[in-house]
Amino acid sequence: MAGRIHVVRHAESVHNTDHDFSRLDPELTALGRQQADDFRRIFPSSDEVGLIVTSPLRRTIETTLLAFADVLDKRYFEVGSGKGVDGGAQLVLDPGLQERSSLPCDTGSDQVMLEKIFPNLDFSGLHAGWQLKGGLYAPDAVDDRASSVRRSLADRLVALQDRDRRDVAVVTHGVFMKHLSGDPEIDLPKAGWRSYTIKRNEGGSVVLAPIAEKDSEVA
């Protein structure tokens with residue numbers, strides 16, 4: 001069976017509750033951390049995920065480390081934490097998945113800060129200035145960026161096709177998700193997900209085709 005793409009919205013973040021959009025790269029709330037942990041318990045496809053691709057903002061990284069603590073490789077966690085598994089899924093930080101707007105709350109931290117907060121993650125793949133919202137990351141380039149991410153996801157599925165775990169989980173943001181999925185009406189709850197297959201449209205462009213099932217969310 002061909003691999004699937006599971007698009008996950010981050011759990012509740014501080015700016016979602018205090019509406020302080022001037023806050024740079026906010027973290028999860030206590031409820032958000034619980035939502036992510038609830039996701040870990042109820043997400044039905046954990047055993048099929050071989051790769052997790054995540055926006056490099058704090059709230060998406062935190063969501064990923066909590067929600068996929070039983071899926072990710074042990075190297076992403078502190079020794080003795082009990083989290084992670086031997087030979088677990090790889091984590092890729094993809095700036096293409098960052099949120100659309102240039103507001104501080106949707107702007108990532110610099111690499112030095114991220115390395116301090118998440119010492120077990122590898123941020124060397126983030127190029128300088130990824131968080132400055134220019135070029136492909138500018139708000140008005142969001143559709144081009146989403147198209148680029150879809151092509152990348154198609155390539156990632158091909159790379160996993162001979163593995164036991166063929167699915168890719170994508171942890172991103174509510175607005176960017178609309179552009180990534182091609183569905184302007186999608187509005188998943190915090191820590192909710194929707195699953196897709198990869199297809200090509202009549203013009204040959206990569207699109208996400210939703211799997212016919214009820215959207216899932218943390219209770």
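Hi everyone, let's start at leucine 72: not counting residues up to four places away in sequence, Leu72 touches Ile52, Thr64, Leu65, Phe77, Gly84, Val85, Gly88, Ala89, Gln90 and Leu91, where contact means heavy atoms within 4.5 Å. Before going on, this is a predicted model, so local features need pLDDT of at least 70 and side-chain atom pairs count only at pLDDT 80 or more, while totals for chains, interfaces and linings use all residues. Residues are numbered from 1 along each chain as its sequence is written, and side-chain values use heavy atoms, with hydrogens and water left out.

Which residues have the most contacts inside the largest nonpolar core? They are Ile52, Ile61, Leu65, Phe68, Leu72, Leu121 and Phe123, in a core of 33 residues. A nonpolar core here is a set of buried Ala, Val, Leu, Ile, Met, Phe, Trp, Tyr and Cys residues joined through side-chain atoms within 4.5 Å, and buried means under 20% relative accessible area (1.4 Å probe, protein chains only). Helix H3 (58-67) is among the elements that each supply at least two residues, and H3 gives the largest share, 4 residues. Helices (H or I, at least four residues) and strands (E, at least two) are DSSP runs, numbered from the N terminus. A second, separate core of 21 residues includes Val7, Ala146, Met177 and Leu208.

Now the sheet: 6 strands form an open, mixed sheet, ordered S3-S2-S4-S1-S5-S6. Strands pair if DSSP finds at least two bridges between them. At the edges, S3 (90-93) and S6 (206-210) each pair on one side only. Inside, S2 and S4 run parallel, joined by 5 bridges, and threonine 54 stands opposite valine 171 in S4.

Note on methods: Buried < 20%, exposed > 50% of the residue type's maximum accessible area, 1.4 Å probe, protein only.
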